[in-house]
Amino acid sequence: MKSRYPLRPALLLLLVLGLLLGGCQRVQPLPLRLTNVTGHMPTLAFTLTDDQGKTVSASDFRGKVVLLYFGYTHCPDVCPLTLAHLHVVMQRLGKLADGARILFVSVDPTRDTPAVLHAYVNAFDPRAVGLTGSASDIETLVKRYRASFTREPSTGDGNYEVSHSSAIYVFDRDGNPRVLATPADSQDDLVHDLHLLLDTGVAP
Amino acid sequence: MKPRSMTLLLAGLLLAGGVHATAAEHVHARHAWIRVLPGSLPASAYVTLENGSDQAVALSGASSTAYAEVMLHRSSTAGGMSRMTMVDSLEIPAHGKAVLAPAGYHLMLMQARKPVKPGDTIAVLLKFADGSTLATDFIARPANALDAGP
């Protein structure tokens, strides 16, 4: 009898250890619905000026889920629509939204001063932050996420149009890229994915 | 002029009027609203235009005493990029409609003569290709509104 089940206690121990490890490591990928970019894009990194005129960097937003969007304030149609949609998303998240920040990075830093940005982002959502900086700092950030923008020729009266990437880049609380949302994606999917990222993170 | 020729002339004028009814007479504007942005930033105006006639008509532009300039624009997203282009005119098909809505056709309103606040009613003169005009009241809505509201 003794030699019949010699491995039983060892197997049981392994099983228990395995369960414990699995529980701690969270090796299961999150069932994200939007385009999953985990591990395919660089972590959040920048040093820019916020809409209060303060120098801020990505580390100031560690602990928050970040929704990064490139735009400019003289864009009267698509940028406000995107921000209005993000405001609805934040409202749908309820209290959880306090753990998220919308970062609106201006690709038109000449016209978008901190003061202009401050009034602009606050017209949409209290958890939105406007970011501006030198043209080269903005370009570095744009390139880091393989986004782009171009300035159209001036119309003669000093006005000009800017075309820009339409995607929203979502980072988790540790600054890791997680999903990419485009205007074609449903609001439900963005709410769903933000729920996952906000629920699983450590408390801010 | 004899009474008879007078009658003929009047009849002719009435007939001409009937044939050449203006685009504006056939167009009905609904859901007219403006997304107001802070400070002196340009705003966008949206409206649904219904054409009740048998012939297509075309919106060619607009003006407003509340803004220095109004332009017909179109936003588009292609290849992950959003851009805005100026448009000369927008056709409203016979017995059909043209929708000016976010992320598509819109009127860009520049340089408000005095600050426009959500809740204000702004008069905009819609201009059609045949030269006729339609005065339309637009309701000013907050920056984060998604439609004309209740």
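# Briefing on a two-chain predicted model

In strand 10 of chain B, B:Phe138 is the bridge partner of B:Ile122. That pair belongs to an antiparallel pairing of strand 9 (residues 121-128) and strand 10 of chain B, held over 7 bridges. The model is predicted.

**Chain B: overall make-up**

- Chain B contains 2 helices and 10 strands.
- Along the sequence, the elements of chain B come in the pattern α-α-β-β-β-β-β-β-β-β-β-β.
- Of the 150 residues in chain B, 35% are buried.
- Among contacts in chain B between residues at least 6 apart in sequence, those that join residues at least 24 apart make up 69%.

**Chain B: strand pairing and backbone**

- Strands in a sheet pair through backbone hydrogen bonds, and they do so either parallel or antiparallel.
- Strand 10 (residues 133-141) of chain B is joined to strand 1 (residues 27-35) of chain B by 3 bridges, and these two strands run parallel.
- In that pairing, B:Ala140 in strand 10 of chain B has B:Ile34 opposite.
- With strand 9 of chain B, by contrast, strand 10 of chain B pairs in the antiparallel sense.
- The hairpin of strand 9 and strand 10 of chain B has 4 residues between the strands, and B:Gly131 in this hairpin takes a positive phi near 95 degrees.
- B:Gln111 also has a positive phi, near 55 degrees, and is a residue other than glycine.
- B:Gln111 is placed in strand 8 of chain B.
- B:Gln111 counts as exposed because it has 12 C-beta neighbours inside 10 Å, and a residue with 12 or fewer is classed that way.

**Chain A: overall make-up**

- Chain A has 5 helices and 10 strands.
- Buried residues account for 40% of the 204 residues of chain A.
- Of the contacts in chain A with a separation of 6 or more, 72% come from residues 24 or more positions apart.

**Chain A: the sheet**

- In chain A, 8 strands form an open sheet with mixed pairing, in the order 1-10-9-4-5-6-2-3.
- Its edge strands are strand 1 (35-36) and strand 3 (55-57) of chain A, each of which pairs on one side only.
- Strand 1 of chain A is joined by 2 bridges to strand 10 (residues 177-181) of chain A, and the two run antiparallel.
- Within this pairing, A:Val179 in strand 10 of chain A has A:Asn36 opposite.

- Helix 2 (residues 78-93) of chain A has 16 residues, so at 1.5 Å a residue it should span 22 Å; its end C-alpha atoms are 23 Å apart, which agrees.
- The buried residues of helix 2 of chain A include A:Leu81, A:Leu83, A:Leu86, A:His87, A:Val89 and A:Met90.
- A:Gly94 follows helix 2 of chain A and has a positive phi, near 60 degrees.
- A:Arg146 is not a glycine, yet its phi is positive at about 50 degrees.
- The loop that holds A:Arg146 lies between helix 4 (135-144) and strand 7 (149-151) of chain A.
- A:Arg146 counts as exposed because it has 12 C-beta neighbours inside 10 Å.

**Where the chains touch**

- The contact takes 24 residues from chain A and 23 residues from chain B.
- On the side of chain B that touches chain A, the elements that give two or more residues are strand 2 (43-51), strand 4 (67-78), strand 5 (81-86) and strand 8 (105-112) of chain B.
- Strand 5 of chain B supplies the largest share of that side, 4 residues.
- By class, that side of chain B has 13 nonpolar, 8 polar and 2 charged residues.
- Strand 8 (residues 162-165) of chain A and strand 5 of chain B run antiparallel and are joined by 2 bridges.
- There, B:Ser82 in strand 5 of chain B has A:His164 opposite.

**The nonpolar core**

- The largest nonpolar core has 88 residues, and those that touch the most other members are A:Leu67, A:Leu68, A:Leu103, A:Phe104, A:Val105, B:Ile34 and B:Ala45.
- Helix 2 of chain A gives the most to this core, with 8 residues.
- Leaving out residues up to four places away in sequence, A:Val105 touches A:Leu68, A:Phe70, A:Leu131, A:Ile138 and A:Leu141.
- B:Ile34, listed above for this core, is also the residue opposite B:Ala140 in strand 10 of chain B.

Technical notes. Residues numbered from 1 in each chain as written. Chains lettered and ligands numbered in written order. Predicted model: local features only at pLDDT ≥ 70, side-chain atom pairs only at ≥ 80, totals over all residues. Contact = placed C-beta atoms within 7 Å. Nonpolar A, V, L, I, M, F, W, Y, C, P; charged D, E, K, R; others polar. Pairing = 2+ DSSP bridges. Expected span 1.5 Å × (residues − 1). Buried ≥ 20, exposed ≤ 12 C-beta atoms within 10 Å, placed from the backbone. Core = buried A, V, L, I, M, F, W, Y, C linked by C-beta atoms within 7 Å.
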